[in-house]
Amino acid sequence: MIKEATKIIETIQISKVYGTEAYPIRALNGISLTIQKGEFIAIMGPSGSGKSTLLNILACLDRPTDGRYLLAGEDVSHYDRNQLANIRSRQLGFIFQSYNLLPRLTALENVMLPMIYYRDNPLTLAEREEKAAHALEGVGLENRMTHYPNQLSGGQQQRVAVARALINDPILILADEPTGNLDTKSSREILELLGQLHERGRTIVLVTHEADIAHYTQRILLIRDGLLASDRRNGKRTNGGSEKPRKTGKARTA
Amino acid sequence: MNFREMVRISWKSLLSNKMRSLLTMLGVIIGVAAVIVMISISAGTEATISESISGLGTNLVFIMGNISRAGPGAGFQGMQGGLVYDDMTAIGDRINGVAGVTVEQQTSVTVKAGNTTLESITILGATPDYPTVRDVSVSKGRFYNEQELDRASKVVVLGSGVAEELFGEDDPIGQSIYASNVKLTVIGVLAEKGLVSGTDFDQQIYTPITVVFKKFTPSMFARMTGDRVRQIIVSVDPDADMDKVIEQITLLLANRHEVSLDALDFTMLTQSDIIETQESTTSSFRVLLAWVAGVSLIVGGIGIMNIMLVSVTERTREIGLRQAVGATPGDIQTQFLTEAMMLSLMGGLIGVIVGVLGGILFGALSDMRTVIEAYSIILSFTSAALIGIAFGYLPARRAAQLDPIESLRHE
Ligand SMILES: Nc1ncnc2c1ncn2[C@@H]1O[C@H](COP(=O)(O)OP(=O)(O)OP(=O)(O)O)[C@@H](O)[C@H]1O
Ligand SMILES: [Mg+2]
C-alpha cells in the first residue's frame with residue numbers, strides 16, 4: 001500500500017503511432033518506466049526522438065496507442081476526454097515552452113484559471129484570489145499580479161506559468177522545454193525555482209535538449225527513436241528531494 | 001464550473017474584442033429591430049383599416065347588383081339584372097329594423113363658383129338618409145329632404161374642403177354654384193370627416209340622387225336601365241336582428257326581381273364581412289412581414305455562427321490551454337455557447353431598443369402609422385435568444401472537439 005502510493009508513474013510498454021495505417025509514424029516504440037514520488041527527472045534526446053510525445057502522454061493530454069499508463073496507481077490509458085480533463089485538473093500541472101498565458105488575462109487571473117475547471121472547488125472567488133496571489137508570491141511576482149502577459153518578461157511569464165501549474169496542488173509537474181525560449185539568466189531562475197519545488201517534495205519531469213539543464217535534476221532518461229536508450233541517476237539517489245540540486249539560488253518563501 | 005463563472009469568462013472574452021462582438025451582434029440587432037418595426041407597421045395599418053371600416057357608417061349592409069349574371073332563361077330582363085332605385089324605396093318602406101337606407105350614384109364634374117373653378121369633383125347623388133347611413137353630420141345649414149328628393153330640386157350640400165376652396169371664409173349657404181353648367185343652390189356644408197377607405201368625404205358635393213339621374217347621367221342610359229343603381233346601403237337598427245333583416249331584404253328583392261333564391265341577381269355584404277376580408281388580407285400581409293423579419297433574424301444568426309467559427313479558429317491556442325489546465329470538452333462547449341447566447345441576448349436587447357425607437361420614428365416621419373406591439377418585442381427577443389443557441393451550437397461543438405495538443409501547437 002505504501003509502496004503503491006510512492007510510485008507516481010508507471011508505464012508499461014507504451015507506444016504511440018501517428019499517421020495512417022499505410023504510412024505509420026512510430027513516435028514511441030514501447031517505453032516502460034517508473035517514477036517515484038519526489039523525483040526530479042529530465043527527459044533528453046535528439047530532436048524528433050519522441051520526448052514531447054512521451055511527456056504529453058504522461059500529462060494526460062494524449063493517449064498511448066498501445067501499452068498501459070498508471071498514474072498514482074490508476075490506469076488512465078483508456079480514459080475518455082472528460083476523465084483525462086479531470087485528471088489534468090486535479091493531479092497534474094503543465095509548463096510549456098511558450099508559456100501559454102492567456103493574453104487578455106492578468107497574471108493573477110492566469111494563475112486562477114485552473115481553479116475554474118477544478119470540479120466542486122469549495123473555494124470562493126476571494127479565497128481563490130488569495131491563493132493565486134500567494135502562488136505568485138511564491139514565484140517572486142508579488143509586484144506583478146495585475147500585469148498582463150505582454151507587460152512581463154519571458155522569465156516572468158514562465159514564472160506565472162509555474163504558479164499556474166502549482167495552483168491546484170498537483171501530484172506531478174510536467175514541463176516541456178520550459179527554458180527553451182529563455183536566456184541563460186532567466187533559464188537559471190526557472191530551474192532554481194523548480195529545484196526549490198523539488199526540495200519541498202514535488203515530483204517534476206522536464207524535457208530538455210541541454211545537458212546543463214539536465215544537471216539540475218537527479219535522473220536523466222534518454223530517449224532515442226521512441227525507445228528508452230538509457231536511464232541514469234545523476235550521481236544521486238532518487239528518494240524524495242531531501243538533497244539539494246547542484247546549483248541552488250537563495251531560497252524563496254512559498 | 002458554475003453558471004456565474006461561465007458568464008464571467010464569456011463576458012470577459014466578449015469585452016476583450018469589443019469590435020468583433022459588436023459586429024457579431026449587428027445582424028441580430030438588425031433582425032430584431034426589423035421584426036419590431038415591421039410588426040408595428042402592419043399593426044398600424046390594421047388599426048387604420050379597422051378604423052376606416054367602422055368609419056364607413058354603423059351596422060351597414062351593402063347590396064350590390066350582379067349586372068353581368070344572367071339566370072337561366074331569364075331573357076332580357078334577367079340580363080339587365082341588378083338594382084333599381086325603387087328597390088331602395090321598397091326596402092325603406094317594407095322592412096322592419098332598418099334605420100336608414102340610401103343609394104349612391106356618382107359622377108365627376110367641374111365645379112364653378114364666382115371666379116373659382118375646381119376640376120374633377122365627385123358629385124354624389126343619394127337620399128336624405130345618407131348622413132345617418134354614412135355617419136356624417138352637417139355643420140352648417142341642412143341636408144336635403146324627401147321633398148327635394150322627389151322633386152329633384154337643384155340643391156347641393158358641400159363637403160367641407162370644397163366649401164372652403166370655393167367660398168373661403170364667406171358663408172356659402174344660399175349661394176349658387178355651377179356643376180358642369182348646372183346651377184345648384186348651396187343649402188348646407190358637411191362637417192369634416194376626412195379620408196375613409198380611399199374616399200375623401202370633404203372633397204365631394206352631395207345632391208339628391210334624382211338630380212344626378214336627371215342632370216348628370218345621360219338620359220338615354222337612364223331610360224334604358226330604369227334608374228339603375230350600383231349599390232344600396234342599408235343601415236340596420238342596432239337593436240334589430242341583423243340576420244333577420246338580411247333575410248327579409250333577400251326575400252323582398254328576390255320577389256321584386258322575380259329570381260329564385262339560389263340564383264340571386266344581387267349580393268349582400270355586411271360590414272363584418274368586409275372586416276373579415278380586410279383581416280384576412282392584413283393577416284397575410286402580417287405573415288409576409290413575419291417571414292421577412294424571420295429571414296433577417298436567421299441571417300443575423302448565421303452572422304453569429306460565422307464570427308463564432310472564426311473566433312474558434314482564432315482562439316484555438318486558448319482552447320488548447322484551457323483544456324490542458326482541466327477544462328472538459330463540455331466546459332469549452334458551454335463557454336462558446338454562452339458567448340453566442342450573450343451576444344444574441346445583448347444584440348436582442350439593443351435590437352428591441354432600436355426597433356421600438358425606429359418604429360416610433362418611422363410612424364412620426366412617414367405618413368404610415370405604426371403601433372408598437374408588446375408581443376413583437378417578446379417574440380423577437382425570444383427568437384434572438386433561440387437563434388443564439390441554435391447558431392452558437394455548431395461553433396461551440398467544433399471548439400469542444402478540438403484536440404488539446406494540436407490546439408496548443410496552433411499558431
Ligand atoms: N501529430 C503528429 N502527427 C504525426 N507525427 C507526429 C505528430 N506529433 C509528433 N509526430 C512525430 O513523432 C515524432 C516524435 O515527435 P516529438 O514531438 O515527440 O519529438 P521531440 O523529441 O519532442 O522533438 P523536439 O526535440 O524537436 O521537440 C516525430 O517524428 C514527429 O514528426
Ligand atoms: Mg518536443
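**View 1. Who sits around ligand 1.** Of the 14 residues around ligand 1 (a heavy atom within 4 Å of it), the ones that come nearest are Ser47(A), Gly48(A), Lys51(A), Ser52(A) and Thr53(A). The ligand itself lies between chains A and B. Sorted by class, its shell holds 4 nonpolar, 7 polar and 3 charged residues; here Asp, Glu, Lys and Arg are charged, Ala, Val, Leu, Ile, Met, Phe, Trp, Tyr, Cys and Pro are nonpolar, and the others, Gly among them, are polar.

This is a predicted model, with local features needing pLDDT of at least 70 and side-chain atom pairs pLDDT 80 or more, while totals for chains, interfaces and linings use all residues. Residues are numbered from 1 along each chain as its sequence is written, chains are lettered from A and ligands numbered from 1 in written order, and side-chain values use heavy atoms, leaving out hydrogens and water.

View 2. A backbone N or O atom of Gly48(A) is 2.8 Å from a ligand 1 oxygen, and a polar backbone atom of Gly50(A) is 3.0 Å from an oxygen of the ligand. From the side chain of His209(A), an N or O atom lies 3.5 Å from a ligand 1 oxygen. Taken alone, ligand 1 exposes 630 Å² (Shrake-Rupley, 1.4 Å probe), and the protein buries 68% of that.

**View 3. A nonpolar patch on chain B.** Met19(B), Leu23(B), Leu26(B) and Ile30(B) make a nonpolar surface patch of about 400 Å². Leu23(B) counts as partly exposed because its relative accessibility is 47%, between buried (under 20%) and exposed (over 50%).

Notes: A polar contact is a pair of N or O atoms within 3.5 Å; within protein, one must be able to donate a hydrogen and the other to accept it, and residues adjacent in sequence count only if both atoms are side-chain atoms. Patches are made of residues with over 30% relative accessible area and no salt bridge: like charges are joined within 9 Å, nonpolar side chains (Val, Leu, Ile, Met, Phe, Trp, Tyr) within 5 Å. A salt bridge is a side-chain nitrogen of Lys or Arg within 4 Å of a carboxyl oxygen of Asp or Glu. Buried means under 20% relative accessible area, exposed over 50%, partly exposed in between (1.4 Å probe, protein chains only).
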